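Please keep the sequence and the model side by side while reading.

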Amino acid sequence: MDRGRIVHRPGRGTVWVERPAGGPLLLCVAGEAPYIARRVTDFLRREVRRDLEAATRRYAAMLGVGIKRIAIRDQTSRWGSCSTTGVISYSWRLIFAPPFVLDYIAAHEVAHLVEMNHSPRFWALVERLYPSMGKAKAWLDANGTDLHRYGEQEDDKRPMPTRLRTNGLHTGA
Ligand SMILES: [Zn+2]
């Protein structure tokens, strides 16, 4: 799979994404080293929240259900979760998944607002919201482990802040 990279660019600015033709996604971060980790995670959480909120509201409207809150968390063991109180949580690492995977995860969690289980009725609901769920599930089976390690940067030997490591964005240093 196409690995993303975090690249430190000297000078002013904040965080932006570059996608060179045919190359991996580059997340470029400017500024002083001690602030990089925070800037990266803040940026990623903002980006993924925007996409996931849109998808979640779209599917909730299709089912006519309400959402209390959408939370973006640093979950490493799961992509999303849904509480009985109507709070849907997602892992910010989904920012590195293709849009169709985000849509599937959102449909999955919204379906839990109706069926708090993985019964055949639940899966029928997910499929109604997101008909090509098989493709998304196959993608997650193939790439899920990599995705949880996303942001790893193999060619950068500079020591990075501890916070970056704790957020799973550790470098190869
Ligand atoms: Zn589930």
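This is a predicted model: local features need pLDDT of at least 70, side-chain atom pairs count only at pLDDT 80 or more; totals for chains, interfaces and linings use all residues.

Residues are numbered from 1 along each chain as its sequence is written.

Five bridges join E1 to E3, and these two strands run parallel. Helices (H or I, at least four residues) and strands (E, at least two) are DSSP runs, numbered from the N terminus, and two strands pair if DSSP finds at least two bridges between them. E1 and E3 belong to an open sheet of three strands with the order E1-E3-E2 and mixed pairing. Strand E1 (5–9) and strand E2 (15–18) stand at the edges with a single partner strand each, so one side of each is left without a neighbour in the sheet. Neighbouring strands here are turned by 30° against each other on average, direction ignored; axes are lines fitted to C-alpha atoms, for helices over the stretch in contact, and angles run from 0 to 180 degrees between N-to-C directions. Helix H1 packs on this sheet, touching E1, E2 and E3, and its direction makes about 130° with that of E3, where contact requires that the C-beta atoms of two residues, placed from the backbone, lie within 7 Å.

A further open sheet of three strands has the order E4-E6-E5, again with mixed pairing. Its edge strands are E4 (69–73) and E5 (80–82), each of which pairs on one side only, and its neighbouring strands are turned by 15° against each other on average, direction ignored. E4 is joined by five bridges to strand E6 (residues 87–91), the two running parallel, and within this pair Ala71 has Ser89 of E6 as its bridge partner. H1 (residues 33–63) packs on this sheet as well, where H1 touches E4 and E6 and its direction makes about 145° with that of E4. Helix H2 (residues 99–112), in turn, lies across E5 and E6 and runs at about 15° to E5.

H1 itself has 31 residues and reaches 46 Å from its first C-alpha to its last, close to the 45 Å expected at 1.5 Å a residue, the expected span being 1.5 Å times one less than the number of residues. Among its buried residues are Ile36, Val40, Leu44, Val48, Leu52 and Tyr59; a residue is buried if 20 or more other C-beta atoms, placed from the backbone, lie within 10 Å of its own, exposed if 12 or fewer, and partly exposed in between. Just after H1, Gly64 takes a positive phi of about 65°.

The largest nonpolar core has 37 residues, of which Leu94 and Ala107 touch the most other members; such a core is a set of buried Ala, Val, Leu, Ile, Met, Phe, Trp, Tyr and Cys residues joined through C-beta atoms within 7 Å. At least two residues of this core come from each of E3 (26–30), H1, E6, H2, helix H3 (120–129) and helix H4 (133–148), and H1 gives the most, with nine residues. Leaving aside its neighbours within four places in sequence, Leu94 is in contact with Val48, Leu52, Trp79, Leu102 and Ile105.

Taken as a whole, the chain has five helices and six strands, following the pattern β-β-β-α-β-β-β-α-α-α-α along the sequence. Buried residues make up 30% of its 173 residues.
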